[in-house]
Amino acid sequence: MSLSTEHPLKCPCCNNPWSTTGDFALFCGVCETGKGLSRSNMDLSVDPTVNFYRYANGGWMEKNPIPPEYPAWNTFLALHTTSQERCKDLLQDLKQKERHDDENARKLSVFYTAAMDEAKIEALGVQPLEPAMQMIQAAVAALRNGDIAAYSKLLGIFPAKYGIYPFFNTSASPDAKNASHTLCNLSQGGLGLPDRDYYFDEDKQDKRDAYQKHIALMLTLLEDPSATDSTEASLHAAELVAELERKIAHAHMTRTENRDPDATYNKMTITQLTEGAQEKAGGMVLDFGSYLEGSTGKPAAGLGSINVRNVAALLCVGDLAVTTSPEIVESYLKWHTITSCAPYLSSTFVQENFNFFEKTLSGTQEMKPRWKRAMAFTEKALGEALGQIYCKRYFDESSKIQALKIVEAVRQALEARLNEVEWMKSATTREQALKKMSRFHVKIGYPNKWIDYTKLKITERDDLMTMIFQSRAFEHAREVDEINAPTDREKWFMTPQTVNAYYHPSLNEIVFPAAILQPPFFDSNADDSINFGAMGAVVGHEMTHAFDDKGRKYNFEGELLDWWTEEDGAEYEKRVKVMVDQASEFHVHGKPVQGKLTSGENIADLGGLRLALRALKSQPDFEPSSQIDGFTPVQRFFLAWAQCWRQNITEERSLQLLTLDPHGPNELRCNGPLQNMSDFHDAFSAGPGSPMYRENETRVDIW
Ligand SMILES: [Zn+2]
Ligand SMILES: [Zn+2]
């Protein structure tokens with residue numbers, strides 16, 4: 001990231017020039033690096049015992065308004081933007097090279113250039129969709145002729161070629177009861193809105209109305225990209241498409257139901273699925289065998305058993321896909337094609353897609369500049385190719401060693417905690433928990449084995465949309481290769497340039513991509529209290545997922561197997577109930593947080609923070625009464641935690657996340673755990689009656 005001379009802004013805390021990108025401020029590098037905390041980011045006029053989030057972040061919130069091209073602004077987005085800037089530099093360097101020493105570099109350069117070539121994209125209009133439209137015609141013709149096998153097969157080939165999944169989704173993932181084997185998963189899908197709740201919630205009628213108009217306009221534009229108003233025929237078709245989606249949505253699980261590992265484990269043969277759908281429908285249904293043959297290019301017999309994550313939804317679409325009139329199916333398939341491809345087409349489509357999904361649904365004011373969108377496309381298509389050169393230039397190998405020390409310290413804290421948890425009565429439950437902890441796999445930085453992009457064809461002749469289709473087909477084929485085969489344990493589910501981390505219950509592994517190892521999460525120049533309050537809490541969070549209300553159902557080998565005694569399980573669930581109730585008390589613009597949807601993340605936040613604090617206190621040079629800038633190590637620990645969650649967000653986006661996000665709102669994520677922790681109460685003198693304090697009886701302590 002370079003300092004811009006066009007924006008001679010000064011950092012209010014140190015008078016250094018701001019690090020700027022475009023016209024909004026990122027962190028002041030100096031104030032964020034080394035010291036870890038800056039008083040100018042706080043609001044000292046707020047009482048920390050009333051709202052710690054505001055106290056710790058008020059100054060930052062004041063000076064970091066939401067940039068018009070984002071629905072929110074926070075630590076993650078700021079780092080993401082930095083990461084995009086870095087990738088842009090990398091790609092510009094690649095472009096300047098006349099010859100490329102490796103194929104990945106050439107592909108990245110050619111792809112990004114095509115993604116930036118607006119003139120070519122404008123000139124082509126919807127022409128790149130022609131092959132997909134022809135396949136839709138063929139499928140609909142087969143449906144009209146009553147040739148269900150041919151129709152089903154074409155519906156399966158469609159996602160394999162174009163990465164567009166109407167009616168439902170397929171993917172590959174480890175068998176929940178035998179993690180070393182990977183299965184084909186069929187799951188609910190086929191909706192154009194972000195979730196089934198959008199079709200039914202009373203407070204979303206305005207979104208549904210806007211959605212139907214959006215479908216109509218897109219269908220009109222597909223016929224005539226210069227149109228400004230929807231045709232009557234498109235308005236009618238949009239109504240029928242929305243109605244079809246509403247029927248599909250009705251059979252979907254809610255997000256909360258979909259978190260249940262038992263309810264979403266339904267292993268069966270393909271024939272059993274088709275027969276189940278026939279029985280339910282009492283007539284003809286989609287031929288799932290032919291569908292999967294089309295989708296995988298393999299005979300159905302070679303696919304083994306499948307897991308149907310959402311049985312009701314699959315039975316429903318098995319029926320609807322063949323009993324809905326061919327005209328409506330045609331509109332529906334066209335709509336799903338255009339909505340999936342709009343960002344890569346000419347400006348009319350890009351704009352209308354932005355207007356609905358980013359403006360109407362999320363409250364974003366402006367479209368991102370072309371290069372940021374092009375970078376996002378490149379990341380999607382060639383994420384690990386980009387990640388590989390990103391790590392070469394930007395990843396400091398020594399930070400990996402330091403991060404591993406934090407991981408080990410937090411793991412030891414978890415081990416100590418598991419040994420002492422007082423509500424866990426049975427020795428066998430405790431033994432199993434310790435065993436699970438001892439079997440954690442840890443990945444930091446980047447994969448040992450990178451994705452091999454050899455089979456992905458990227459040539460200068462092609463336009464962006466065609467390259468996107470090729471890349472999607474490549475990804476689909478990679479998943480197909482995983483089906484009915486030993487699980488690939490080297491695979492990463494995030495690229496190294498992603499600012500995030502994850503726990504995978506089937507693999508019992510915690511993964512920290514390179515890009516999370518930077519301030520404010522991790523800073524090799526900062527003191528322990530900062531690194532444990534931020535990175536340590538992230539590590540603890542991911543480890544706690546192994547023991548959250550979902551993770552606890554998997555054993556040390558990542559298998560869905562109940563290893564809890566009845567009594568210990570009941571004690572655990574009692575505590576989860578308290579967490580659910582606590583979260584449900586929190587409101588955003590008058591609407592309550594979904595306590596059950598967010599319980600796994602809330603458990604992980606509280607557990608992770610406790611473990612990180614325990615790890616900090618166990619450091620040999622921990623000196624509780626020492627001070628930096630007037631704060632003790634424990635105070636700095638909590639301030640570092642709080643600043644991870646600083647954010648400004650539009651009302652639309654925060655309401656959208658309330659429906660979609662299994663994480664709670666940032667203010668709750670920051671304050672919720674602290675209200676339960678006596679270390680926090682002591683550090684900031686929060687006592688009875690203060691909002692940051694909970695009476696002992698209403699507190700919760702799981703890990
Ligand atoms: Zn500064
Ligand atoms: Zn999490």
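**Exercise 1. Helix α22**

Which residues of α22 are buried? Work it out on this predicted model, then check the length of the helix.

*Solution.* Start with the list: the buried residues are Pro633, Val634, Gln635, Arg636, Phe637, Phe638, Leu639, Ala640, Trp641, Ala642, Gln643 and Cys644. That makes 12 of the 12 residues of α22, so the helix is largely enclosed by the rest of the structure. Next comes the length. Helix α22 covers residues 633-644, and at 1.5 Å a residue its 12 residues should span 16 Å. The end C-alpha atoms sit 17 Å apart, which agrees.

**Exercise 2. The zinc site**

Find the residues that coordinate the zinc ion (ligand 2), and say how they are spaced along the chain.

*Solution.* Look for the donor atoms around the metal: they come from His541 (NE2), His545 (NE2) and Glu601 (OE), at 2.0 to 2.1 Å. Along the chain, these donors follow the spacing H-x3-H-x55-E. Now take the pair His545 and Glu601, which links distant parts of the chain, 56 residues apart. His545 belongs to helix α19 (residues 528-545), while Glu601 belongs to helix α21 (residues 599-617). Finally, check accessibility against the 20% cut-off for buried. His545 has a relative accessible area of 11%, so His545 is buried. Glu601 comes in at 12%, so Glu601 is buried too.

**Exercise 3. Ile406 and its surroundings**

*Solution.* Leaving out residues up to four places away in sequence, Ile406 touches Phe522, Asn531, Phe532, Met535, Gly536 and Val539.

**Exercise 4. Thr81**

What does the side chain of Thr81 make a polar contact with?

*Solution.* Thr81 lies in helix α3 (residues 75-96). With 0% relative accessibility, Thr81 is buried. The partner is the side chain of Tyr70, at 3.3 Å.

**Exercise 5. Confidence**

What is the mean pLDDT of the protein chain, and where is the pLDDT below 50?

*Solution.* The chain averages 93, and 95% of its residues reach 70 or more. The stretch to treat separately is residues 1-31, where pLDDT is below 50. Beyond near neighbours in sequence, that stretch has 66 contacts in the model.

Technical notes: Residues are numbered from 1 along each chain as its sequence is written. Chains are lettered from A and ligands numbered from 1 in the order in which they are written. This is a predicted model: local features need pLDDT of at least 70, side-chain atom pairs count only at pLDDT 80 or more; totals for chains, interfaces and linings use all residues. Side-chain values use heavy atoms; hydrogens and water are left out. Donors are N, O and S atoms within 2.8 Å of the metal (3.2 Å for Na, K and Ca); water is not among the atoms, so sites may look incomplete. Helices (H or I, at least four residues) and strands (E, at least two) are DSSP runs, numbered from the N terminus. Buried means under 20% relative accessible area, exposed over 50%, partly exposed in between (1.4 Å probe, protein chains only). A polar contact is a pair of N or O atoms within 3.5 Å; within protein, one must be able to donate a hydrogen and the other to accept it, and residues adjacent in sequence count only if both atoms are side-chain atoms. The expected span of a helix is 1.5 Å times one less than its number of residues. pLDDT is the predictor's confidence in each residue, from 0 to 100. Contact means heavy atoms within 4.5 Å.
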